[in-house]
Amino acid sequence: MRQLTCTAPSTIEWQDVSEPRLQGDGEALVRPLSVARCDIDLFLTSGVFPLRGPFALGHEGVAEILALGDGVRGLEVGQRVVVAFQVSCGACGSCAAGHTANCDRYPVLSDYGMQPLSGTEYGGMLSDVLRVPHAQAMLAPVASTVDPVALGSVSDNVLDGYRAVAPHLKEQPEADVLIVCHGLKSVPLYATQAAVALGAGHVDYASDDVEALALAERLGARPIRTDFEKPERQYPIVVDAGLTSEGLRYAIRATVPEGVLQSVSFYAGRDMPMPLGRLYTLGVRFFTGRAHSAALLPEVVPLIEAGRLRPAEVTTRVVDWEDAPAAYGEPAIKLVVRRA
Ligand SMILES: [Zn+2]
Ligand SMILES: [Zn+2]
């Protein structure tokens, strides 16, 4: 079968690899129908993280079930499913607690399409067949009436944006929200969409990226163009989504005393300065950590089926499956690859 593979920094091509097979009763094989490029993928393919040889690409996608092990209940061959990007068993203590990003049975970062980070190849979603080792835990059924292209990013970036605001708006209904976008492309826009959908008061979007600001405005946010020097005001809920120490410092300064600062940033490989004295004195509550894909999908998929979250509005480029190698390295806020 064909698998989109990064073979060297900025070199992406189809490779022929052997097709995965069922290896146990609880497993599934799926055929990805639509796959989105995660905000981290361009960092993976650029070689910022040292490559350990060729690796499979793609970890956000919706698929069709091709085969199921004998022990799988509640799923059917032919069914359309969103595939959790993190491998998780659904049965250990961490999974039972909803912490499916850190399943006890797998090493950290056991994800599809992230071999440069984990060192283990679990396969990528830009392939003809993908093996899912824990079908009931990792596959979330979705109505076949929803366009697969709209679902491409749900298993990671969409739910990452959702969880950035949902628990905090539950605690503080109708609170004003500030999204600080300083490098991440799509996650802050999904967070914007979720904040609007969940009834936040005002949703403001601070960034130095004019394309992202225009898109945020279309999603219902007030755009604030900034060089991250000084926030206009403070907010009870702030989302930090980016790469720079300036952006993080701006987000901290924009949070009210006793407010919530939720970071969805992956500050890889270096220490970020944190003004802990300020956070302590003002009681700013700082949250970080990866999204829990399998645990969140049953919460997020129904919101999309009901039309409350509309991920397609964040998509800026859709390409055919055949064109993935050329398109995957090009800039776009959100790229989705669809199978014909
Ligand atoms: Zn991702
Ligand atoms: Zn587990």
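A cavity is a set of grid points where a 1.4 Å probe fits but cannot get out. That term opens the legends below, which describe a predicted model.

**View 1. The largest cavity in the predicted model.** About 40 Å³ of space lies in this cavity. How many cavities of 30 Å³ or more does a search of the whole structure find? The search finds 1. Its lining includes V87 and the residues A101, N102 and C103. Y106, P107, V108, L109, S110 and D111 also line the cavity. By class, the lining has 7 nonpolar residues, 2 polar ones and 1 charged one.

**View 2. The largest pocket.** A pocket, unlike a cavity, is an open set of points. The largest one has a volume of about 720 Å³. It is lined by 36 residues, and the closest to its centre are I40, V264, S265, F266 and Y267. Which helix gives the most to the lining? Helix 6, residues 154-171, gives 4 residues. Sorted by class, the lining holds 21 nonpolar, 8 polar and 7 charged residues.

**View 3. The whole protein, for orientation.** The protein has 12 helices and 16 strands. Its radius of gyration is 19 Å, close to the 20 Å that the globule rule gives for 340 residues, so the protein is as compact as a globular protein of that length. Along the principal axes, the C-alpha atoms fill a box of roughly 55 × 40 × 35 Å. Of the 340 residues, 56% count as buried. Now take the contacts between residues at least 6 apart in sequence: 71% of them join residues at least 24 apart.

View 4. Is helix 7 largely enclosed or largely open? Of its 11 residues, 9 are buried, so helix 7 is largely enclosed by the rest of the structure. The buried residues are V187, P188, L189, Y190, A191, T192, Q193, A194 and A195. They pack against two helices, helix 6 and helix 8 (210-218). They also pack against strand 9 (177-182), strand 10 (203-207) and strand 12 (235-242). Just after helix 7 comes G199, with a positive phi of about 85 degrees.

**View 5. T192, inside helix 7.** T192 lies in helix 7, which spans residues 187-197. Its relative accessibility is 0%, so T192 counts as buried; the cut-off for buried is under 20%. What does the side chain of T192 reach at 2.8 Å? It reaches the backbone oxygen of P188. An α-helix has 3.6 residues a turn, so residues three or four places apart point the same way. Beyond its neighbours within four places in sequence, T192 is in contact with I179, V203, Y205, A216, L219 and A221.

**View 6. I179, a contact partner of T192.** I179 is found in strand 9. I179 is buried, with a relative accessible area of 0%. Leaving aside neighbours within four places in sequence, its contacts include P188, A191 and T192. V165 and V239 are also among them, as are V203, D204, Y205 and A206. How far apart in space are I179 and A251? Their C-alpha atoms are 8.3 Å apart, although the two residues are 72 residues apart in sequence.

View 7. Most residues other than glycine have a negative phi. Phi of E174 is near 65 degrees, a positive value. E174 sits in the loop between helix 6 and strand 9. E174 is exposed, with a relative accessible area of 63%. E258 also has a positive phi, of about 65 degrees, and is not a glycine. Where does E258 lie? E258 is in strand 13, residues 255-263. Its relative accessibility is 54%, so E258 counts as exposed.

**View 8. R317, in strand 15.** Strand 15 covers residues 317-320, and R317 is part of it. Is R317 buried, partly exposed or exposed? At 31% relative accessibility, R317 counts as partly exposed. Beyond its neighbours within four places in sequence, R317 is in contact with A327, E330, A332, K334, L335 and V336. R317 and T244 are 73 residues apart in sequence. In space, their C-alpha atoms are 26 Å apart.

Note on methods. Residues are numbered from 1 along each chain as its sequence is written. Chains are lettered from A and ligands numbered from 1 in the order in which they are written. This is a predicted model: local features need pLDDT of at least 70, side-chain atom pairs count only at pLDDT 80 or more; totals for chains, interfaces and linings use all residues. Side-chain values use heavy atoms; hydrogens and water are left out. On a 1 Å grid over the protein atoms alone, a cavity is a set of points where a 1.4 Å probe fits but cannot get out, and a pocket is an open set with protein on both sides within 12 Å along at least five of seven lines; lining residues have an atom within 4 Å of a point. Grid points are joined across faces, edges and corners, and a volume is the space filled by probe spheres set on the points. Ala, Val, Leu, Ile, Met, Phe, Trp, Tyr, Cys and Pro count as nonpolar, Asp, Glu, Lys and Arg as charged, and the others, Gly among them, as polar. Buried means under 20% relative accessible area, exposed over 50%, partly exposed in between (1.4 Å probe, protein chains only). A polar contact is a pair of N or O atoms within 3.5 Å; within protein, one must be able to donate a hydrogen and the other to accept it, and residues adjacent in sequence count only if both atoms are side-chain atoms. Contact means heavy atoms within 4.5 Å. The radius of gyration is taken over C-alpha atoms; the globule rule is 2.2 Å times the number of residues to the power 0.38.
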